[in-house]
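Subject: Handover of a structure

Hello,

Here is the structure I promised to pass on. Please open it first, then read my notes below.

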Amino acid sequence: MAYILAVNPRILADSGGPCVPDAPEDGGIFGPNYTECLETIKRQYITATAVASCIACVLMGTLANLPIGLAPGMGMNAYFTYSVVGWRGTGDTSWNAACTAILIEGFIFF
């Protein structure tokens, strides 16, 4: 469970998230402002991962009475980042469209 707090935010931040790349003459996806934005969202993803894992574990314990720890799945996050959105947003699908698809899929699964 502990490794997920380090690995999951790193994978999700590699997608570029909501960060807007710098102008090409300022470095584009390697520019200082873009890199700073990625570090900021990485810290936010750490918090979101911890909160989501906590809620899932508490719900599993109270509702199902099972001592099972739950955390975000690494396979789907890696697929989202490196195949759907692409490294730092270089794929064919925008980050917003991919998040919308995940939200719809979550409602269908639920």
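Let me start with a pocket. The second largest pocket has 14 lining residues. Nearest its centre are G17, C19, P21, R88 and G89. About 160 Å³ of space lies in this second largest pocket. By class, its lining has eight nonpolar residues, five polar and one charged.

One caution before you go on: this is a predicted model.

I29 is worth a look next. You will find I29 in the loop between α1 and α2. Setting aside neighbours within four places in sequence, I29 is in contact with P21, Y34, W87, R88 and T90. P21 and R88 also count among the residues nearest the centre of the second largest pocket. G89 is another of those residues. The C-alpha atoms of I29 and G89 are separated by 8.9 Å. Along the chain, I29 and G89 are 60 residues apart.

Now the overall plan. The chain has four helices and zero strands. Its pattern along the sequence reads α-α-α-α. The C-alpha atoms fill a box of roughly 55 × 25 × 15 Å, taken along the principal axes.

Next, the way the helices pack. Two packed helices are described by the angle between their axes and the distance between the axes.

**α1 with α3**

Helix α1 covers residues 4–13, and helix α3 covers residues 74–85. Their axes lie 8 Å apart, and the packing angle is about 20 degrees. Angles under 35 degrees count as roughly parallel, so α1 is roughly parallel to α3. The crossing of α1 and α3 is left-handed. On the α1 side, the contact is made by I4, V7, N8, I11 and L12. On the α3 side, M74, N77, A78, F80, T81 and Y82 take part. The residues of this contact are eight nonpolar, three polar and no charged.

**α1 with α2**

Helix α2 covers residues 32–63. The axes of α1 and α2 are 8 Å apart, at an angle of about 135 degrees. These two helices are therefore oblique to each other. α1 passes α2 in a right-handed crossing. From α1, the residues that meet α2 are I4, L5, N8, P9, R10, L12 and A13. From α2, they are L38, I41, K42, Y45, I46, T49 and A50. The contact of α1 with α2 divides into 10 nonpolar residues, two polar and two charged. I4, N8 and L12 are among the α1 residues here, and they also belong to the contact of α1 with α3.

**α3 with α4**

Helix α4 covers residues 95–109. The axes of α3 and α4 come within 11 Å and cross at roughly 135 degrees. α3 and α4 are therefore oblique to each other. The crossing of α3 past α4 is right-handed. F80, V84 and V85 of α3 meet W95, A98, C99 and I102 of α4. The residues of this contact are seven nonpolar, no polar and no charged. F80 of α3 meets α4 here, and F80 is also in the contact of α1 with α3.

**The largest pocket**

Which helix gives the most to the lining of the largest pocket? It is α4, with 10 residues. The elements giving two or more residues to this lining are α1, α2, α3 and α4. About 1200 Å³ of space lies in the largest pocket. Its lining counts 29 residues, and P72, N77, I102, E105 and G106 are the closest to the centre. By class, the lining has 21 nonpolar residues, seven polar and one charged.

Find I29 in its loop between α1 and α2. Then find G17, C19, P21, R88 and G89 around the centre of the second largest pocket. Finish with α4 and the 10 residues it gives to the largest pocket.

Best wishes

Definitions and conventions: Residues are numbered from 1 along each chain as its sequence is written. This is a predicted model: local features need pLDDT of at least 70, side-chain atom pairs count only at pLDDT 80 or more; totals for chains, interfaces and linings use all residues. Side-chain values use heavy atoms; hydrogens and water are left out. Axes are lines fitted to C-alpha atoms, for helices over the stretch in contact, and angles run from 0 to 180 degrees between N-to-C directions. Angles under 35 degrees count as roughly parallel, over 145 as roughly antiparallel, 65 to 115 as roughly perpendicular and the rest as oblique. A crossing is left-handed if the near helix is turned anticlockwise from the far one by less than a right angle, and right-handed if clockwise. Contact means heavy atoms within 4.5 Å. Ala, Val, Leu, Ile, Met, Phe, Trp, Tyr, Cys and Pro count as nonpolar, Asp, Glu, Lys and Arg as charged, and the others, Gly among them, as polar. On a 1 Å grid over the protein atoms alone, a cavity is a set of points where a 1.4 Å probe fits but cannot get out, and a pocket is an open set with protein on both sides within 12 Å along at least five of seven lines; lining residues have an atom within 4 Å of a point. Grid points are joined across faces, edges and corners, and a volume is the space filled by probe spheres set on the points.
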